[in-house]
Amino acid sequence: MYSRNVNAHAKGDIMDKKGIKLLRPQKLGDRLAWYFISIGLIFTLAVFITLIEYENRIHTEKIQSSSKEAVGAIKAQLERNLWNVDDEGVQTLLDGFSRSPAITGVQLTDENGFAKRSGNFEDTDADLEQVLYYEQQYLGTLQVQTSNTYLNHEFVDRIKLLGIAAAIFIGLFACFLQIIVRRLVTDHLVTISTATRDIERTKQNQYTPIKLNRSPINDELTDLVQALNQAQQQAIEFRQARESYENQLEYQASNDALTHLPNRRHIEKHLTNEMEKISKQTGANRLALFFIDLDGFKEVNDSLGHSVGDRVLQASAKRLKELIANNNNGYVARFGGDEFIATCSCNTKREAEDIAESIIHSFRENFAHNNAQLQLGCSLGTVFFPDDGVTTEELIRKADTAMYHAKNSGRNTFAFFEPSMLQDVMLKNTIKNKLQNALRDEKLEIYYQPLINLRDMSISGFEALLRWEDEDLGEVRPDLFIPIAEQTGLIFHLDRWVLRTASKQVKIWRDKFDRPFNLSVNFSPTNFHHREMMPWIHNDLAQESGLEWVELEVTERLVLNYDDNVIQGLEELLKLGISFSIDDFGTGYSSLGYIKKFSHILSKIKIDRLFVHEIINHSSDRALVQSIVTLAKSLNIEVLAEGVESRRQEDVLIQLGCDYAQGFIYEKPLGVDDIPEFLDTWLKTPRVVRSY
Ligand code: C2E
Ligand code: MG
Ligand code: MG
């Protein structure tokens with residue numbers, strides 16, 4: 001803006017001074033010649049004026065002295081003629097005198113005032129006057145008017161000659177000056193300015209110094225060229241440094257420092273480009289996007305530390321890169337954490353399936369770490385452009401949803417995006433928000449399912465089970481909302497509330513029925529990583545007494561992913577008298593080895609109803625229950641069978657040596673108000689005790 005104004009202003013100036021511009025040329029050589037001519041003319045003029053003045057004065061003086069001499073020559077004769085009253089002689093003398101070269105006219109005025117003239121005497125002042133006497137008597141005055149006509153002609157001719165010579169000299173010298181200036185200065189200045197203005201030259205980032213076409217000489221132009229070359233060199237160096245810095249910044253901004261894969265920012269760019277390319281093409285071209293999440297990475301990171309986690313990520317990135325590079329237009333990037341995104345041109349679902357399977361297969365190979373083998377896996381969500389979405393955000397979101405779906409339906413698998421998955425996500429979000437409000441507004445209920453001691457068929461206690469009925473969603477099953485609560489961290493508050501409320505309630509029944517009922521509370525393994533866990537144990541739980549009859553049910557996940565937090569939490573709770581049981585045993589990554597390791601903490605194993613259900617039909621399930629019971633006994637741990645629904649199941653379980661049972665055959669989980677009646681009936685009814 002500013003420069004435009006300046007230019008306009010400058011242009012205006014030139015236009016305004018157009019007349020001056022014509023007089024004063026723009027080129028340096030021309031201007032110098034112009035200056036030279038102007039100064040030369042002024043100087044010549046001054047010389048001429050001085051000369052004329054000088055010559056004029058000399059000649060005037062000369063004429064006057066020669067007139068004086070001439071007057072002196074005729075003076076005596078004239079006086080005599082006047083004395084003798086020889087008018088004719090006087091006139092002859094005057095005529096002769098007036099014809100002298102420098103005399104224009106003469107006038108003689110006698111003593112009586114009569115005047116005689118000769119030549120062209122004008123009525124102006126005379127140049128010379130001579131008073132005439134004879135014998136001391138005044139005879140008259142002679143007045144002479146001189147002329148310098150003769151002088152002027154001669155002088156003007158000389159001046160003309162001189163003027164022409166000066167003009168020729170000045171003109172020639174100006175031309176010569178202009179050529180010299182052009183040769184010595186302006187031609188080189190043009191070379192310099194053309195080279196400096198050549199933008200391409202600086203753009204090429206290659207140093208091309210300005211060279212003047214002349215023999216080497218150390219003058220101001222050489223200094224100027226050196227300075228400009230140096231400036232160019234510095235500009236190129238600066239430009240190169242800036243470019244490499246910008247490239248570095250660009251690389252850092254678009255690449256992940258750990259895996260050296262493109263990062264989230266780059267994914268957006270890449271996807272936008274690919275989508276644009278496909279949109280321009282004719283035919284049914286599609287782009288498949290795979291959202292990959294490592295299974296079990298968090299466990300590795302938490303248990304073995306971040307440096308091992310980093311190495312696993314690097315190795316995973318390498319595997320993915322090698323694998324995806326084999327595919328058409330393959331691209332892989334790190335989306336964040338343990339999530340990667342891969343894309344490639346795939347026109348059919350079959351092709352995408354093959355790629356997804358090969359990725360999953362590549363993660364089956366263990367990661368080596370300090371002679372140990374780390375087993376991880378990955379879950380994949382797959383979408384297609386343009387079928388599933390037309391923006392990067394939409395595609396990634398849907399692929400992420402599909403990935404979660406795959407993860408939830410058992411890890412190490414993949415899923416193509418389906419619109420119904422979004423509904424699942426929406427439902428999950430609704431549940432998440434509503435559950436929070438339900439806990440705050442105390443809209444949750446606890447049901448109690450009796451636990452039966454198979455030795456004497458007595459009620460050994462109750463398992464507290466959460467129930468939630470929402471106005472809009474209706475009855476929401478714990479199987480649905482508990483995993484969501486675990487993901488959001490709300491589970492800690494839920495479990496705390498259940499423990500507090502249920503323990504108060506069971507204490508009432510213990511007192512009322514005078515029976516040592518135990519309370520089993522499901523306790524999510526994620527609670528051990530909640531930052532409020534230890535303060536809660538020390539400040540709240542430690543105040544309560546009689547926790548010896550409280551048992552926390554934890555799943556195998558806890559023993560599988562134990563760390564310092566878990567050990568510390570378990571020990572603190574044990575100190576308060578709380579006991580632990582393993583819930584749903586057999587469904588997770590069950591390992592009898594783990595049970596051995598945690599035997600000092602565990603007081604009970606709860607065999608999942610899956611095995612109990614098939615215990616009659618499948619000998620393998622029976623054998624498994626048998627081996628669990630045998631191991632538990634050897635470790636002094638009691639065994640409870642979940643989901644007992646028939647007498648035949650009960651019989652087999654007693655035969656196998658199970659200590660406790662829980663199931664619909666005895667009672668479904670009941671509301672608070674139904675328990676007293678149930679207990680009354682149970683206690684009044686005589687039970688057949690079967691021997692082991
Ligand atoms: P779980 O701890 O294994 O609880 C036993 C589940 O089996 C209960 O389901 C119960 O109703 C059901 N059940 C008991 N006997 C039978 C039977 O004979 N046949 C069949 N088919 N099912 C039987 P529910 O109440 O739906 O709870 C499901 C799971 O939700 C629980 O499994 C537990 O893992 C979790 N859960 C429930 N309440 C809580 C809670 O307060 N905190 C936590 N962390 N988890 C909870
Ligand atoms: Mg349970
Ligand atoms: Mg269970």
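The lining of the second largest pocket draws at least three residues from each of domain 1 (255-417) and domain 2 (429-684), with bounds from an automatic or database domain assignment. This is a predicted model, in which local features need pLDDT of at least 70 and side-chain atom pairs count only at pLDDT 80 or more, while totals for chains, interfaces and linings use all residues. Residues are numbered from 1 along each chain as its sequence is written, ligands are numbered from 1 in the order in which they are written, and side-chain values use heavy atoms, without hydrogens and water.

Let's stay with that pocket for a moment. It holds about 520 Å³ of space. Of its 20 lining residues, Thr401, Tyr404, Val425, Lys428 and Gln487 are the closest to the centre. Helices H12 (392-408), H13 (419-440) and H14 (478-488) are the elements that each give two or more residues to the lining, and H13 provides the largest share, eight residues.

Now come along to the metal site. Around the magnesium ion (ligand 2), the coordinating residues are Glu463 (OE), Asn522 (OD1), Glu553 (OE) and Asp583 (OD), at 1.9 to 2.2 Å; donors here are N, O and S atoms within 2.8 Å of the metal (3.2 Å for Na, K and Ca), and sites may look incomplete because water is not among the atoms. Along the sequence, these donor residues follow the spacing E-x58-N-x30-E-x29-D. Glu553 sits in strand E16 (residues 550-554) and Asp583 in strand E17 (residues 579-585), 30 residues apart. Both Glu553 and Asp583 are buried, that is, under 20% relative accessible area (1.4 Å probe, protein chains only). Asp583 also coordinates the magnesium ion (ligand 3), which lies 3.8 Å from the magnesium ion (ligand 2).

Definitions and conventions: Helices (H or I, at least four residues) and strands (E, at least two) are DSSP runs, numbered from the N terminus. Buried means under 20% relative accessible area, exposed over 50%, partly exposed in between (1.4 Å probe, protein chains only). On a 1 Å grid over the protein atoms alone, a cavity is a set of points where a 1.4 Å probe fits but cannot get out, and a pocket is an open set with protein on both sides within 12 Å along at least five of seven lines; lining residues have an atom within 4 Å of a point. Grid points are joined across faces, edges and corners, and a volume is the space filled by probe spheres set on the points.
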